[in-house]
Amino acid sequence: METLPHNAALLIVDLQKAIDDPRWSRIGPRNNPQAEANVATLLAVWRRDGRPIVHIRHDSVEPDSTYRPGGPGHAFKAEAVPLPGEMVIGKRVNSAFIGTDLDEWLHNRGIGALVVAGVITNNSVEATVRTAGNLGYDVRLVADACFTFARLDRSGRLRTADEVHDLSLANMDGEYATVVETAEVLGEVLR
């Protein structure tokens with residue numbers, strides 16, 4: 001793993017109030033209850049050091065989506081509210097790179113490394129990380145600053161949120177990203 005450059009961007013994916021809607025946990029509870037606190041810690045360090053921050057906001061076009069603009073869930077969660085001057089990019093699909101100017105924004109600033117956190121691990125986080133990896137970015141995916149929910153597999157068997165999360169991380173680690181923990185990232189940036 002290369003050393004994390006000073007201009008590595010913190011990319012926070014879809015950390016909006018929508019994710020607290022009970023519909024998301026109807027099959028089973030989420031994992032990583034400390035994820036938002038870890039995101040807040042990363043944000044504080046990035047802000048203190050003047051590092052680039054990008055907030056990804058899901059702007060769903062689905063009428064019943066908890067992420068639909070104008071609805072109560074569209075707002076960012078308290079731990080991830082952008083400050084003035086921080087980049088906010090709205091997206092309509094899972095990957096933050098599809099249909100947005102994220103890649104151009106990063107390239108125009110010479111940013112080649114990303115630290116990714118947010119939700120849902122096996123959905124928008126994974127889609128964003130896979131695209132970033134394919135585009136050549138050096139990606140650190142912060143496992144304990146992401147979370148997901150329990151799901152039923154194709155045979156109808158319940159998979160816990162931890163199982164879904166861990167398998168998604170395993171799919172990405174070494175291929176599209178390096179999976180790390182918050183403490184590891186802080187160890188790199190606080191040297």
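I started with Ala9, which is buried at a relative accessible area of 0%; I use buried for under 20% relative accessible area, exposed for over 50% and partly exposed for in between, with a 1.4 Å probe and protein chains only. A note on the source: this is a predicted model, where local features need pLDDT of at least 70, side-chain atom pairs count only at pLDDT 80 or more, and totals for chains, interfaces and linings use all residues. Residues are numbered from 1 along each chain as its sequence is written, and side-chain values use heavy atoms, with hydrogens and water left out.

**Ala9, continued**

I placed Ala9 in strand 1; helices (H or I, at least four residues) and strands (E, at least two) are DSSP runs, numbered from the N terminus. I then listed what Ala9 touches, leaving out residues up to four places away in sequence: Trp46, Pro52, Leu106, Ile111, Ala113, Leu114 and Val115. Contact here means heavy atoms within 4.5 Å. I also checked Val54, which is 45 residues from Ala9 along the chain, and found their C-alpha atoms separated by 6.9 Å.

**Whole chain**

I counted five helices and eight strands. Read from the N terminus, the order is β-α-β-β-α-β-α-β-β-β-α-β-α. The radius of gyration is 16 Å, close to the 16 Å from the globule rule for 191 residues, so the protein is as compact as a globular protein of that length. That radius is taken over C-alpha atoms, and the rule is 2.2 Å times the number of residues to the power 0.38. Along the principal axes, the C-alpha atoms fill a box of roughly 45 × 35 × 30 Å.

I got 49% of the 191 residues as buried. Among contacts with a separation of 6 or more, 79% join residues 24 or more positions apart. Accessible surface came out at about 9,000 Å², with 50% of it on carbon and sulfur atoms; the method is Shrake-Rupley with a 1.4 Å probe, and for residues only the protein chains shown count as cover.

**Cores**

How many residues does the largest nonpolar core have? I found 29, and those with the most contacts inside it are Leu4, Leu42, Trp46 and Val185. A nonpolar core is a set of buried Ala, Val, Leu, Ile, Met, Phe, Trp, Tyr and Cys residues joined through side-chain atoms within 4.5 Å. Strand 1 (9–13), helix 1 (35–49), strand 4 (113–119), strand 5 (138–147) and helix 5 (182–189) each supply at least two of its residues. Helix 1 gives the largest share of this core, six residues. Apart from this core lies another, of 26 residues, including Ala9, Leu106, Leu169 and Ala177.

Thr182 is buried, with a relative accessible area of 4%. Thr41 is 141 residues away from Thr182 along the chain, yet their C-alpha atoms are separated by 8.4 Å.
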